[in-house]
Each structure stands twice: as structure tokens, then as C-alpha cells.
Amino acid sequence: MTKNILVLPGDGIGTEIMAEAVKVLDFLNDKYSLGLNLEEALLGGAAIDATGKALPDNTFELAKKADAILLGAVGGPKWDKLPPADRPEKGGLLRLRSELQLFGNLRPAILYPQLAGASSLKPEVVSGLDILIVRELTGGIYFGEPRGIRELENGERQGYNTYVYSESEIRRIAKVAFEAAMKRGKRLCSVDKANVLEVTMLWREVVQSMAADYPEVELSHMYVDNAAMQLVRAPKQFDVMVTGNMFGDILSDAAAMLTGSIGMLPSASLDINNRGMYEPCHGSAPDIAGQDKANPLATIMSVAMMLRYSLGLEQPANDIDAAVSSVLDQGIRTGDIYSEGCKLVGTAGMGDAVIAALRAQ
Ligand SMILES: NC(=O)C1=CN([C@@H]2O[C@H](COP(=O)(O)OP(=O)(O)OC[C@H]3O[C@@H](n4cnc5c(N)ncnc54)[C@H](O)[C@@H]3O)[C@@H](O)[C@H]2O)C=CC1
Ligand SMILES: CC(C)CC(=O)C(=O)O
Ligand SMILES: [Mg+2]
């Protein structure tokens, strides 16, 4: 049966990395006759330029109907002066995540052994690293009301956002995390700021109340400031981490560097039925856009997550994992993960190397 995949390249390096991810998906679609129907649409700044809206109606309709969505990245300086709700990030990406109820964001930070030297930490601190960050994606301070910038009586402007989580939102994401922990190392660390913020006092209470349903999982709690420190001090102490939207956003970028580069971190954003959107954890990287420098591996690995989680296609997903490993074995590197003696390639060169490794399987 045909499955519809919506491809949203977005802005900046989004278009470059997506071209490589689509090459990989097209190859596997042909090889295994997967019956995937790929359709491309506009999101973010590119959509604003073409239609005036960061999430055009046509894109939204296609997104609702798609079996899975592949996204590059959105945003860039060109659109930074627009009102917040119209910008590529809020008006495009966050709105899409929210409308599709993609609350469960899985961000695996896995160090490929070949990249131990590319990590900013010593090889012995990171070797064998395999963490799953489970980030709540449709609530918390990124969505809380009221929010805005208001004028005070003294004429000074004041910016404000609201950090809210309801019990059901916390329970929903905690269940994803407990279940992920059951399939992995059975250790779950919930990250909050429950020494200060009432919203995360409730978060901690609700997560703790669910522990009895998962007696095999060893649950711990950690304040976010300590968690950031522990991630760079001794990251292998973590198996699964669960946290809210903003803390997860920040901690996953930090975890990315442990794996060598933000260009190595894929992600899945899932709804309650595992329908999902798949994207690298990084942004549109305006500083390197259009220069054939971006690492497409996070996006290519997001394709593997899509095949596995939303389409149940384990073999082609395994093929991608093996091809990425083979490319790294061959010493092929983009600039962000380059070390001496390796072969430096650009975005397209890395995509071609993955295709060559797939062909060689
Ligand atoms: N999911 C999304 O669409 C996201 C969008 N953004 C947007 O992206 C724009 C830039 O944001 P930044 O804070 O600079 O974050 P960023 O993740 O785009 O870039 C941070 C740094 O990492 C590097 N980098 C990122 N991806 C890379 C890759 N694949 N290969 C090699 N190097 C890579 C960049 O060159 C830059 O030096 C902003 O407009 C921001 O709002 C940021 C994060 C996520
Ligand atoms: C627009 C941002 C909230 C996206 C981001 O930084 C992320 O999801 O990691
Ligand atoms: Mg982020």
C-alpha cells in the first residue's frame, strides 16, 4: 500500500541536507519497492517568501494526510524581524508540532566509535555513549499563555512567558519515557527545576507517582542545572532522560556535542499513535548555508528513525545505520566531524558516500 511522505526542506542548510536524505530514501524505496510516495512542500521562511505564511494551508493539509513527515530546518536572519507568531519558528514549525500533537520528541545521542576523537570530551568519557533524551514538545514555556511584551506604568517594556504543564501532559510524556527505558537500560532520569518552579514540582510528583507501574525501571530526578553539568562531566551515567520542552531543547544540543557534532543528532516527534515528523536536532545554520558544508547525517539518520517508528520498516532502517557506520569507517567526514587523516567531503559528497555504502551492502 502506498505511504505518503511529506518532505519539508525549510530554510538555510535545510534544503541541502534534505536533498541528501531524499537521495537515500529514494534509493531504499527503489531497492525494497517500499511504495513510498514523496511530496515536497514549503515551510518556514521559504513559505513566507512564496505565500506570506510560515505554514501555508496547502502544507498543513498535506501534513495532516501524510503517513510521516521529513523536515530539514527553518528560520534565519531574513525573517527575524517579523512578529513572533509569524516567524518561521513559531508560525511554521511550532505550530505544525502543536497542531499535529507531536508531543513525544525522541533525541538519541549515540557516539559512533569512529567519532570518539571528534567529541569535545575525552574519548574515555564518551566512548560507548548511548543516551535517549525524551523531550515534551507541544507544551511548557514555548506554548504557555499569557505571553508577550507589555509596557509597564514606568514606560519600561517587560517580556513574559508562562511555563505551564497539566498533569495529563506530564503523564503522557512520562509514559513514553518509562516505556523507552523498559526497552533499553531500564534507567530513567527526570530533569526538572523542582527546587524553584511550581510547574516542575508538579512534574516531579506526577513522574514519581508513575514509578510503581514500572517496577523494573530505576527512576531518578535531577535539577536541570546539575543535569547540564553531569552531561559534560560523566554522560554515560544516563540511559533515558525525560524533561520539558525548553530544558530538552537545551540539553539535547549539549548532548549533541558529546557525539562529535550537532550534525549527528536525529530526532523523531511522535503523536499518540506513533505518526511522526522526523528532523535533525540542529537549525538552519545560516553561517554555513549554501556552502556545501553541512553534515547531512543527522537528517539521513532521521530517515532511519522514520522508517522504523512510523512505517515499521526495520530492514531499510538498519541498512541506513550500517551505511553511516561504513562511511565513518572509511574516514569520510564533513568539516564538523573532521579529524586529521580523514577525507574531507561536503554535504553532497557525504550523501553520495552513504549511497555508495548502501549499494555495497
Ligand atoms: N528545528 C529547527 O528548524 C530549528 C531552527 N533553528 C533556527 O535556525 C537558525 C540558526 O540557529 P542557531 O542557533 O545558529 O542553531 P543551528 O543549529 O542552526 O547552528 C548552530 C551551529 O551549529 C552548526 N551546525 C548546525 N547544523 C549543522 C550541520 N548539519 N552540519 C554542520 N554544522 C552544523 C552551525 O553552523 C552553527 O555554527 C535560527 O533561525 C533558529 O531559530 C534552530 C534550531 C532548530
Ligand atoms: C524553533 C526551535 C524551538 C526549534 C529547536 O531549537 C528545536 O526543536 O530543537
Ligand atoms: Mg533546539
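Strand β1 (residues 3-10) and strand β3 pair in the parallel sense, with five bridges between them; strands count as paired if DSSP finds at least two bridges between them. Within this pair, Gly10 has Ala73 of β3 as its bridge partner. Strand β3 also runs parallel to strand β12 (residues 276-278), to which three bridges join it. There, Ala68 stands opposite Gly276 of β12. Helices (H or I, at least four residues) and strands (E, at least two) are taken as DSSP runs and numbered from the N terminus. This is a predicted model, in which local features need pLDDT of at least 70 and side-chain atom pairs count only at pLDDT 80 or more, while totals for chains, interfaces and linings use all residues. Residues are numbered from 1 along each chain as its sequence is written, and chains are lettered from A and ligands numbered from 1 in the order in which they are written.

How many residues of β3 are buried? Six of the six residues in this strand (residues 68-73) are buried, so β3 is largely enclosed by the rest of the structure. Buried here means that 20 or more other C-beta atoms lie within 10 Å of a residue's own, exposed means 12 or fewer, and partly exposed is in between, with C-beta atoms placed from the backbone.

Ser190 has His221 of β9 as its bridge partner. Strand β8 is mostly covered, with five of its six residues buried.

An α-helix has 3.6 residues a turn, so residues three or four places apart point the same way.

On to the domains. The protein chain is assigned domain 1 (1-103 + 272-361) and domain 2 (107-270), with bounds that come from an automatic or database domain assignment. Taken over C-alpha atoms, the centres of domain 1 and domain 2 are 23 Å apart. Between them, 29 residues of domain 1 are in contact with 27 residues of domain 2, contact meaning that the C-beta atoms of two residues, placed from the backbone, lie within 7 Å. On the side of domain 1 that touches domain 2, the elements giving two or more residues are α4, β12, α10 (297-309) and α11 (314-329). Helix α10 gives the most to this side, with six residues. By class, this side of domain 1 has 15 nonpolar, 10 polar and four charged residues. Ala, Val, Leu, Ile, Met, Phe, Trp, Tyr, Cys and Pro count as nonpolar, Asp, Glu, Lys and Arg as charged, and the others, Gly among them, as polar.

What comes nearest to ligand 1? Of the 23 residues around this ligand, Gly75, Gly263, His282, Gly283 and Asn295 do; a residue is near a molecule or strand if its C-beta atom, placed from the backbone, lies within 6 Å of it. The elements that give two or more residues to this shell are α1 (13-32) and α4 (88-99). Domain 1 and domain 2 each supply at least three residues of the shell around ligand 1, and its classes are 11 nonpolar, eight polar and four charged residues. Ligand 2, for its part, is surrounded by Glu89, Leu93, Asp249 and Cys281, which divide into two nonpolar, no polar and two charged residues.

Asn274, which is not a glycine, has a positive phi near 65°.
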